[in-house]
Amino acid sequence: METAASWLARWFGPKRALQVAAHIDPASSTIALEGGEAAHPPLTIAAHIVPGRVELLVRKEAVHE
Amino acid sequence: MSKVSNLRELVELTGAQLESGLKSLPRDKGAPKLTTAVCTLAAEEINKSLAQVDVAGMLAHGWARARALRDAATASLASPGKPALATLGEHDLRYTCTPVLQMLSGEAALPEIRFTVELVAHFKAAEMSVVDGRLASVAPGSASVVARVKCGNTTLAEKATPNARLSSTIRLDPALEIG
């Protein structure tokens, strides 16, 4: 059986699929579509950090006695 | 405030901030519309990723670039194993990183959403210790910090912490290369 995700991607393309998929209630097992409801697979959300960089800006050098 | 150890303690995102920020993005940029429930879960995942960032360890890479360390590095190489000290006066450290939000519907990956975290920490001074030509520890005192989470040019969350306390002495293991 075709999943809701592949259905969305096939009909809307990956970018639009995200917008449509956003209307999925993660607590529900169905997605509201025009003309009825369809089962959808669970929505998994995760985040990770791409490390960046750190810059130093010295405003005042230390005073040495 | 209590001692700061990770980035989440300096800025975090609520579901409402994420939802409202994403709504304000230009539609022609393909900005996603997420429901309130999804935004709440997504914001928490972003916050969890921020909690993985070690603030002191990350800032140490900026201190390692200080010109004031170069003389200390030379001196420390002349006396192996013995620390040479250097003091940095008033300075700012600016850090940026990119939290990436990923969503899967079943096994299908949806387009990821990239955010930017910007942090500026202002220090009055920092005492640094160099051993064998490498930065071994930093005693930075407290900092005034402003941190924000952005998506594109839109600021989703911003927090100022006027007296953020790091460890009194940050020991770097392994010690950092200078320069």
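Strand β6 (residues 126-131) of chain B is joined to strand β7 (residues 134-139) of chain B by 5 bridges, and the two run antiparallel. Strands here are DSSP runs of E of at least two residues, helices are DSSP runs of H or I of at least four residues, and both are numbered from the N terminus; two strands pair if DSSP finds at least two bridges between them. The model is a predicted one, in which local features need pLDDT of at least 70, side-chain atom pairs count only at pLDDT 80 or more, and totals for chains, interfaces and linings use all residues. Residues are numbered from 1 along each chain as its sequence is written, while chains are lettered from A and ligands numbered from 1 in the order in which they are written.

Axes are lines fitted to C-alpha atoms, for helices over the stretch in contact, and angles run from 0 to 180 degrees between N-to-C directions. Helix α3 of chain B contains B:W63. B:W63 counts as buried because 26 other C-beta atoms lie within 10 Å (buried means 20 or more such atoms within 10 Å, exposed 12 or fewer, partly exposed in between, with C-beta atoms placed from the backbone). Leaving aside residues up to four places away in sequence, B:W63 touches A:L56, B:A126, B:M128, B:L135 and B:V138, where contact means that C-beta atoms, placed from the backbone, lie within 7 Å.

Elsewhere in chain B, the axes of α1(B) and α2(B) come within 7 Å and cross at roughly 115°. In this contact, B:G15, B:L18 and B:E19 of α1(B) meet B:T36, B:C39, B:T40, B:A42 and B:A43 of α2(B).

The loop between α1 (15-24) and α2 (36-51) of chain B holds B:P26. B:P26 is exposed because it has 10 C-beta neighbours inside 10 Å. B:P26 and B:T154 are 128 residues apart in sequence, yet their C-alpha atoms are 9.8 Å apart in space.

Conventions:
Contact = placed C-beta atoms within 7 Å.
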